[in-house]
Amino acid sequence: MGLRCVRALGAGALLGGLLTLSVPVVGAPGVSAGAPLPGAPNCPMFPADNVWNTPIANLPVDPHSAAWLTSMAASSTNLHPDFGPSGDPSNPYGMPYTVVPSGHPFVNMSFQYASESDPGPYPFGPDTPIEGGQNATGDRHALMVDPTTCTLYELYDARYSQTGSTAGSGAIWNLRSDALRPAGWTSADAAGLPILPGLVRYDEVQSGSITHAIRMTAETTDTSFVWPARHEAGARSDPNLPPMGARFRLKASFDISGFSPQAQVVLRAMQRYGLIVADNGSNWYFGGTADPAWPLALVDELKQIPAGAFEAVDESSLMVSPDSGQARQFPGPVTGIAAPSSGEGYWLSDAAGAVSAHNVPSWGSMAGTPLNAPVTHIVSTPDGGGYWLVAADGGTFSFGDAGFYGSMGGRPLNAPVVNMAPTPDGGGYWLVASDGGVFAFGDAGFFGSMGGRPLNAPVVNMAPTPDGGGYWLVASDGGVFAFGDAGFFGSMGGRHLNAPIVGMAADPQTGGYWLVASDGGIFAFGAPFLGSTGSMHLQQPINGMTASSGGSGYWLVASDGGIFAFGAATFWGSTGALRLVAPVVGMAADGATGGYWLVASDGGVFSYDAPFYGAD
């Protein structure tokens, strides 16, 4: 049985590359709707799941990143905040906006680009602030929010007249909706995107948190656009130029600790949410509101950020629909990673049943469906053409070519399900509960269980034999229970352990198995002993183990991402020396390269001698 997938949570066990890790399900920070404007407290700047409000810190680097940065002179340019004091307190630099009062008149507009403009009417008048001032000769943007209907109105080249107001273009947005403009339509910005949700506001900086992407400009762009943009204004067709909608983020390695607390608020947003190319203009200018409160010192400080510290990211994996700004979200902590043996990509699952696909087809998920218990495992089919999700109550959900053969969902259990193992041909599967109960479905044979029998410690996992004719159960005290053609070669049950057993791996060469304890102690039965960390001081406990494809080596993985390789298992690197935001909960071996991926509960993916296809 070749390397198939890794499953996380419920104590770790493995056979032929199938690994689970014993990490508790903990809460993870979620996304929030864009912060409302002062004066419009009931109007979000788009829903929480909108692409503007979605973190991109773990997305993969776009293959065009280096070329785009070169075209934008990143190596010799600093960022430029396109806002701040102007010397005239009545007309500061930046993009003004207004929250229109109740009863404000609405007017019809005449548009230069009428075929791509929303007809209105618009709450536009002589009192509406204009970018650059009433006598400006530039873009003359006008941004208006109706707090009663939570509607955003934006105009380009806006000019009020009692005899007939005009604008170059106009766009109207429902701030409670993820709807995008029709493909090919401009807006008040060249990318066909809204302006106001991408502006840095001083009230956000004072609050200590900016939770959205930031609008930016590029001097020369390609004649294309990428989601969520809807329109291009490129100079020429050239893949080395950024398209409208390109997203950039400040590298996580950029040290922001030496900046002022207020500057750090902006820089953290650039690392977590990034910048979106929304219009043509000077390279690396980013937008903010026209506000006389902007401190000159802060604006000057933000001019010290080198553009070379940024990278372009590929956010295509977030797209739910090309006609919607809704972005895929992970509402719960990531609980598992599964990879087909071909190694061309991987799936991540979370406790709410959401699944994100990275360089592999997305077959569906349980996202948005009420579940009775959290999803704890994702398991790939043998051919990689589908996967199963398994919940702690035994609920089983099949996608792609994964067959549904039954589940324990809705049926009374004496103890929660802690693992699932498919048969070699994918025509069935077993579920195992912590009391040792085994439930067989499809062509999975039932060969016995420990359900209803007294145990000294809970069962933490199971592993089937390579031919599917039997299986082992392992308990946290090291007790091993063999059924069917699974040979019993010994156990640690009844013997003193310094730490509980958290994983099991079968040796495909000998038919024996290894047990691993949370201190990294390895106990070999009918399999060669290749080494352990039992006598080493560990920073964090071992969560599980996985055997190399030939069975002549194994890796141990700790919750801090530390990797320990023994025998023929190659050490390619680890996150053990890094400070992680969340614990590592899964490991998947790349059957093509011999490398591996680690996944943390916040969706961070770390690749070692294996391609990086993205994270959540």
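Author: Two strands pair if DSSP finds at least two bridges between them; helices (H or I, at least four residues) and strands (E, at least two) are DSSP runs, numbered from the N terminus. This is a predicted model, in which local features need pLDDT of at least 70, side-chain atom pairs count only at pLDDT 80 or more, and totals for chains, interfaces and linings use all residues. Residues are numbered from 1 along each chain as its sequence is written, and side-chain values use heavy atoms, with hydrogens and water left out.

Reader: In β12, which residue is the bridge partner of Asp82?

Author: An open sheet of six strands, with mixed pairing, has the order β2-β12-β9-β11-β10-β13. Its edge strands, β2 and β13 (310-313), each pair on one side only. Three bridges join β2 to β12, and these two strands run parallel. In β12, the partner of Asp82 is Gly287.

Reader: Which residues lie nearest the centre of the second largest pocket?

Author: On a 1 Å grid over the protein atoms alone, a pocket is an open set of points where a 1.4 Å probe fits, with protein on both sides within 12 Å along at least five of seven lines, and lining residues have an atom within 4 Å of a point. The elements giving two or more residues to this lining are β2 (80-82), β9 (214-218), β11 (275-280), β12 (285-287) and α4 (296-302). Of the 34 lining residues, those nearest the centre are Asp82, Phe83, Tyr93, Gly94 and Glu131.

Reader: Why is the disulfide of Cys43 and Cys150 called left-handed?

Author: A search of the whole structure finds one disulfide (a pair of cysteine sulfur atoms within 2.5 Å). Cys43 and Cys150 form it, with their sulfur atoms 2.1 Å apart. The pair links distant parts of the chain, 107 residues apart: Cys43 lies in the loop between β1 (14-15) and α1 (65-71), and Cys150 in the loop between β5 (142-146) and β6 (151-156). The disulfide is left-handed because the torsion about its S-S bond is about -80°.

Reader: In β24, which residue is the bridge partner of Pro464?

Author: Three strands form an open sheet in the order β23-β24-β25, with antiparallel pairing. β23 (459-464) and β25 (480-484) stand at the edges with a single partner strand each, so one side of each is left without a neighbour in the sheet. Five bridges join β23 to β24 (residues 470-475). In β24, the partner of Pro464 is Tyr471.
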